[in-house]
Amino acid sequence: MNPDVLARNNVHVSGRGTRPMLFAHGFGCDQNMWRYITPAFEDDYKIVLFDYVGAGKSDVRAYNADRYGTLDGYAQDVLDVCVALDLQDAIYVGHSVSCMTGILAAIREPERFDRLILIGASPRYVNEPDYVGGFERKDLEGLFDVMDKNYLGWANFLAPVVMKNAERPELARELEESFCSTDPNIARRFAEVTFFADNRADLPNLRTPSLLLQCADDAIAPEVVGDYLESHVPGSTLRKLRATGHCPHMSHPDETIAAMKDYLAEQALRYPVAAPDLSAIGPE
Amino acid sequence: MDSPAGLVRFTDDGRILRLNATLAAWLGRPAAELESGTFDVLLTPGSRVFYQTHFFPLLKLQGRAEEIYLSLRDAAGQDVPVLVNAVRSEGSGEAVNECAVVRTRQRDRFEEQLLIAKKAAESASESKSRFLSMMSHELRTPLQSMAIFGELLASGGHGPLTDRQREDVGGIQAATRNLVTLIDDILNFARLESGKVDVRLETVSVGTALTRAETLLRPRIEEAGLTFSFDARAHGADVRADPDRLQQILLNLLTNAIKFTPREGQVRVEVDADAGAGAKSPAVQIHVRDTGAGVPPDQLERIFDPFVQLDRRQVPASRRGVGLGLSISRELARAMGGDLTVESEVGKGSVFTIELPAAAAE
């Protein structure tokens, strides 16, 4: 176990199972976003939560503009956590940008991952002549503008907010600390790394089976992107949710949990011992 | 239009339950048409992403969000900058998110300017630090050559020198040393400003640090005709500090004291090991006291500003700095969790106080 990585990435391990389920948060949030999902898996899995460097309660001093200048650096955070906890055959659950970091990590060290559950994935946000990502470059410039303006008043935006939850005051405290410690400069650079990334060429190299959870009316990862992924990611299963938006694990946790459980149960029935061998599937 | 603010209520999946006439008018669309859609459709594409990645998670996790900047898009395709306060209520039925929306057209223009100015200032500060650091390195290399060749000449390596030649070479060597000190100061300052200075805290004996400083400065104290002493209590006082940085601060303060105190004056260091008694964390204060000219009250804080020097006439040109010593010393003290302050009376002298966290008792 590497205590440096555990502290650096604010790793939390819980649950009563032995099989690891590793949750990777999306851009703009931290591991708190999984709080509506993890209780449903605590009996059967070892739950691993972490924050990327620069998010939540991670150690921002570990931020290095070169390492985190591409998604590979964030994928390395995922692998560092796997190594620190000696995870093998983990169920990886990633949201948004973490779908791509999960794919990159699983390509690099496939033995660490048994299945990937990818929520709101997109390999490329910007439209190309032969590809619909959903955004023009100027749309994303607009996002950076909105981020800059909110980060101007970052202290206000993330100032401690008294949550009206008299029964669980510790919840409010935890959130305050968590949200307040996200570094705006890192978040700003993470946005550029995320939204200008193009990982389409990596997709055929994935050898780990995956579930793609696609929301209806997702403004960030539209359905056409889900379809693209299904046809380009070997061993993927696309499941379209009734949930709308980009964060079904927060807005529709019950439907999300059911979809995850269905997939895991079906996979367990189909492959009771080990993962299928996808090595025969070559790049297209 | 009756309400001064836009109001909109929507579910977790963004479905608009109600939207008031004010907001509909800003968007140039009938409220009924908008009420059949979702909240993020009111937004520009960039704001939609921000809503999904920041605003909604915050609202869901915290139950409320305040002063969120978003940009709406009206029927004519124009952006409408707004600030949004939102509250979420989870009753027995479906959770509802309620937002009050305020238009910020004027404010948005000012913020735009502020952002441009902020970016320009950040970039200028970065370039300045980079320039200072590069320049210092570039200058240091030829200076090292000057120092080496000066030393060679002075030591008679190329044959004996006449008295006149020795005097001139001595002048060159003194000027070289002075320049090296100035460049070190600039480099230190550039590093401090860009936050690149590492301090490695350990337990340091104030007595040992002062003894070392005294050994180094003894010739200059004697040359200046001053008396120097330090408090015996220094030997019992331990601080949490980086020993090299503490030495640097002490040397800087003592060199200043020597420079600004007339002959037959006194420089004394007193140590108060119980300075933090009663406060949350124990601290040690090191007071460097001189009987020099003192600093006028209105100049007291300015002396810690970079590139500020008070009366340059008091100091011979060969010993003048660039006015970075105190600024560097204060930054270093702060980087070690302490501070550097001054009290002074014109004509009587000054007391510079370094305060540092006390080392925990063994």
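Keep in mind that this is a predicted model. In chain A, seven strands make up an open sheet with mixed pairing, and their order is β1-β3-β2-β4-β5-β6-β7. The edge spots go to β1 (12-14) and β7 (236-244) of chain A: each has a single partner strand, so one side of each is left without a neighbour in the sheet. On average, neighbouring strands here are turned by 20° against each other, if you ignore direction.

What does β7(A) pair with? Its link to strand β6 (residues 210-216) of chain A is made by six bridges, and these two strands run parallel. If you want a spot to look at, find A:Leu212, which stands opposite A:Leu238 in β7(A).

Now for the helices that go with these strands. Helix α2 of chain A lies across β1, β2, β3 and β4 of that chain. Helix α3 of chain A packs on the sheet too, where it touches β2, β4 and β5 (113-119) of chain A. Here is how the two are directed:

| Helix | Residues | Strand used for the angle | Angle |
|---|---|---|---|
| α2 (chain A) | residues 71-85 | β3(A), residues 45-50 | about 135° |
| α3 (chain A) | residues 97-108 | β4(A) | about 145° |

On to chain B. How many helices and strands does chain B have? There are eight helices and 12 strands. Chain B is 362 residues long, and 33% of them count as buried. As for its contacts with a separation of 6 or more, 61% are between residues 24 or more positions apart.

Methods
Residues numbered from 1 in each chain as written. Chains lettered and ligands numbered in written order. Predicted model: local features only at pLDDT ≥ 70, side-chain atom pairs only at ≥ 80, totals over all residues. Pairing = 2+ DSSP bridges. Helix = DSSP H or I, 4+ residues; strand = E, 2+ residues; numbered from the N terminus. Axes fitted to C-alpha atoms, helices over the stretch in contact; angles between N-to-C directions. Contact = placed C-beta atoms within 7 Å. Buried ≥ 20, exposed ≤ 12 C-beta atoms within 10 Å, placed from the backbone.
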